[in-house]
Amino acid sequence: MTEKLRLAVFISGGGTNLQAIIDNCKKSDFPARVVVVVSNKPGVYGLERAREAGIPTEVVSHRDFPERAAHEAEIVRRIRRYEVELVVLAGYMRVVTNTLLSAFYDSKRCLPGVINIHPADTRAYQGAHGYEFALGILPDHPERLTETKITVHFVDDGVDTGPVIMQAAVPVQANDGIDDLRARGLDVEHRIYPEAIRLYAEGKISIGCNQVEIET
Ligand code: GRF
C-alpha cells in the first residue's frame with residue numbers, strides 16, 4: 001500500500017469516535033493513521049485513549065486565548081511537525097474559523113482538509129444537540145422525528161453547514177430516551193466515520209475547485 005493518510009483527530013471529550021478511528025487504523029488495509037490527537041480540554045478521557053494507543057497528544061486550551069483565531073493559530077503551530085493531511089473533528093466542541101480551515105485546505109485534491117461528524121441531518125439541525133433534536137426534547141423543537149440522519153461533512157466556516165459526504169439513518173424507536181438513541185446512533189457513527197475517512201484517503205471524494213475558466 002502507498003503511504004497512509006496522516007490524520008489529526010480533534011476532541012473535547014470521551015472520544016468514542018476517536019477510538020473507532022484508532023481501531024480501524026490498526027487494520028493493515030486501512031489507508032490512514034492517526035498521527036496526533038488534539039484536545040481543547042485538558043484531562044478528557046479521549047486523551048487517555050490516545051495515550052493507550054501510543055499516539056502523541058497536544059492539549060491547547062481555548063481558555064488561554066482571547067479569540068478563536070489565536071487559539072487555532074497555536075494549534076496549527078503545535079501540530080505542524082506531524083505533517084497532518086486531514087483534520088478529523090470527533091466531538092470537538094468548538095466552532096472553527098478560516099485560520100484552521102486555510103491551514104489544512106488540501107490543494108492537491110482541491111478539497112477542504114477538515115471533516116466532522118454530526119448526529120443529525122446538518123440540513124435540518126445545526127448545533128450540539130442532534131439526538132435531543134430527533135427526540136423532540138429541545139424547547140424550540142418539540143416534534144419527535146422518525147429517524148435521525150448521522151452526517152459526515154466537510155467543515156466550512158459556518159456551524160455544520162459544509163458539503164455533506166455521507167449520511168446514515170438511525171430510526172427513533174417508540175421507547176427511546178436520549179441514552180438509547182445516542183447509544184444506537186454512536187454505533188452508526190463509529191461505522192460511517194472510518195468509512196468516510198477511507199473514501200477520502202482513497203481519493204474517492206471530490207467536490208471540484210470552483211475555478212473560473214476563461215476560454216481565449
Ligand atoms: C458525537 O455524537 C458526534 O457526532 C458529535 O459529538 C459526539 C462525540 O462523541 N459531534 P465521542 O466523544 O466521539 O464519544
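Me: Is alanine 120 buried or exposed?

Reply: This is a predicted model, in which local features need pLDDT of at least 70, side-chain atom pairs count only at pLDDT 80 or more, and totals for chains, interfaces and linings use all residues. Residues are numbered from 1 along each chain as its sequence is written, and side-chain values use heavy atoms, without hydrogens and water. Buried means under 20% relative accessible area, exposed over 50%, and partly exposed in between (1.4 Å probe, protein chains only). Because its relative accessible area is 1%, alanine 120 is buried.

Me: Which residues does alanine 120 touch, not counting residues up to four places away in sequence?

Reply: A contact requires heavy atoms within 4.5 Å. Leaving aside residues up to four places away in sequence, the partners of alanine 120 are Tyr125, Gly130, Thr148, Lys149, Ile150 and Thr151.

Me: How far apart in space are alanine 120 and valine 88?

Reply: In sequence, alanine 120 and valine 88 are 32 residues apart. From C-alpha to C-alpha, their separation in space is 17 Å.

Me: How many residues has the largest nonpolar core?

Reply: A nonpolar core is a set of buried Ala, Val, Leu, Ile, Met, Phe, Trp, Tyr and Cys residues joined through side-chain atoms within 4.5 Å. Val88 and Ile197 are among those with the most contacts inside the largest one. Isoleucine 197 touches Leu7, Ile21, Phe30, Ala32, Val88 and Ile115, not counting residues up to four places away in sequence. The size of the largest nonpolar core is 41 residues.
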